[in-house]
Amino acid sequence: VKYDDETLMAYADGELDAAQRAQIDAAIAQDPGLALRVQEHRALRARMTGAFSRVLDQPVPDRLEVAARVGTPADAPARGNVIKFPARSARAPSPPWRAREWIAMAASLLLGVLCHGACSCRQTQRSSRRARAVCWPEASSPAHSRASSPANKAVKSEC
Amino acid sequence: MNTRIRTEENLLARRIIEHETMSDTSEEIGERIASLLPRLRRFARSLSRNQHDADDLVQTAVERAWRHLDQLRPGAKLASWMFGIMKNAWLDNLRTRRRRGEVALPEDSGEHPAVSHVDTEAGLWAVSEAMNKLPEEQRLAVALVLVEGMSYKEAAGVLEIPMGTLTSRLARGRTALAAELADEARGDIA
């Protein structure tokens, strides 16, 4: 009986039923060539399994652990109804800015400029009496700067 | 685009909660997926040329699994389902690369040197290069049966192909792999 490669492969992989296995066992006993082909299938399998098995021993990267437990953040209540999404690609990018964000941005920018202005005033001793009264009550300078008066309101609210 | 992603996130959240009430809690599913990570990484590594690409593939598959949790049939084996998702993710990835004209990865994108010992890496490298030369359907069959140790039946299930197709792909893949590794061994001696 001639055995095709697929049958020998299935034999080597332990995929044949008992009757087929017994047939090939008997054939192998009489045919060293057949035994060699089976041995080659087993050797290739062992090499493939061996080569990649070391991946199992490597530490799993944190990002994968997080992605795997996406529905189960460690700090969530027992019910786990708080869903934590992985930090990287699964997270949706921020929505485009609308008026509120732009106004907030402009306001903080303005505040920064005004604070800088106020500091400059302090350094040059040209800040207004109002600002001094609010921010530096111990200072007293008669100098008055009209240009910095809008700044004073912001500084006052800040102080 | 943003709206679509947001909707997907909402859907995901709802499905996780729905699934909780269906059978396992999301914690249990998370633990079960996490326990599969070493095997998923090995499967991905046998399909990819380096561990970094492999881990990206695992992440894609895990994220898809959470998004499509409702498609996991009751009683279905989570491992088989996850391997099937990874198979699809890998094929999608290959198609995308081909559309972009990226036939293969650049030569210098091989194994990350810091991963393991040089001598053991060399053995993995040779086998990995040989795998990389197989047609994708043969690579999948070899990866599931020879690397993962799945039965023919389970592998055929993951790949959604008949048993006969699996065995013929596996046999052809084995022949090509054996020839490639023999060539490579001869090349080392020469």
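Let's start with chain B: of its 190 residues, 48% are buried. Buried here means under 20% relative accessible area, exposed means over 50%, and partly exposed lies in between, with a 1.4 Å probe and protein chains only.

A word on the ground rules. This is a predicted model, in which local features need pLDDT of at least 70 and side-chain atom pairs count only at pLDDT 80 or more, while totals for chains, interfaces and linings use all residues. Residues are numbered from 1 along each chain as its sequence is written, chains are lettered from A and ligands numbered from 1 in the order in which they are written, and side-chain values use heavy atoms, with hydrogens and water left out.

First, the two chains in outline.

Chain B has 8 helices and 0 strands. From the N terminus on, chain B reads α-α-α-α-α-α-α-α. Helices are DSSP runs of H or I with at least four residues, strands are runs of E with at least two, and both are numbered from the N terminus. Now take the contacts in chain B with a separation of 6 or more: 67% of them join residues 24 or more positions apart. Contact means heavy atoms within 4.5 Å. The accessible surface of chain B is about 9,300 Å². Carbon and sulfur atoms hold 54% of that surface. These areas come from the Shrake-Rupley method with a 1.4 Å probe, and for residues only the protein chains shown count as cover.

Chain A has 7 helices and 0 strands. Its 159 residues are 32% buried. For chain A, residues 24 or more positions apart give 34% of the contacts with a separation of 6 or more. Chain A exposes about 10,500 Å², and 57% of this comes from carbon and sulfur atoms.

Now to the packing inside chain B. Axes are lines fitted to C-alpha atoms, for helices over the stretch in contact, and angles run from 0 to 180 degrees between N-to-C directions. The crossing of α2(B) and α4(B) is right-handed. Right-handed means that the near helix is turned clockwise from the far one by less than a right angle; left-handed means anticlockwise.

Who makes that contact? From α2(B), the residues include B:I33, B:L36, B:L40 and B:F43. From α4(B), they include B:M82, B:F83, B:M86 and B:W90. By class, this contact of α2(B) with α4(B) has 12 nonpolar, no polar and 3 charged residues. Ala, Val, Leu, Ile, Met, Phe, Trp, Tyr, Cys and Pro count as nonpolar, Asp, Glu, Lys and Arg as charged, and the others, Gly among them, as polar.

α2(B) has another partner, α3(B), residues 51-67. Here the angle is about 145°, with axes 9 Å apart. This crossing of α2(B) and α3(B) is right-handed. B:I33 and B:L40 are among the α2(B) residues in this contact, and B:V58 and B:W66 are among those of α3(B). The classes are 11 nonpolar, 3 polar and 3 charged.

Next, α4(B) against α7(B). The angle is about 50° and the axes are 8 Å apart. That makes α4(B) oblique to α7(B). The crossing is right-handed. B:S80, B:F83, B:G84 and B:K87 of α4(B) meet B:E154, B:V158 and B:L159 of α7(B). This contact of α4(B) with α7(B) has 3 nonpolar, 2 polar and 2 charged residues.

Just beyond α7(B) comes B:E160. B:E160 has a positive phi of about 55°, although it is not a glycine. B:E160 sits in the loop between α7 and α8 (163-189) of chain B. Is B:E160 buried or exposed? At 62% relative accessibility, B:E160 counts as exposed.

Last stop: α6(B), residues 136-147. This helix is mostly covered, with 10 of its 12 residues buried. B:Q138 and B:R139 are among the buried ones, and so are B:L144 and B:V147. After α6(B) comes B:G149, with a positive phi near 75°.

Definitions and conventions: Angles under 35 degrees count as roughly parallel, over 145 as roughly antiparallel, 65 to 115 as roughly perpendicular and the rest as oblique.
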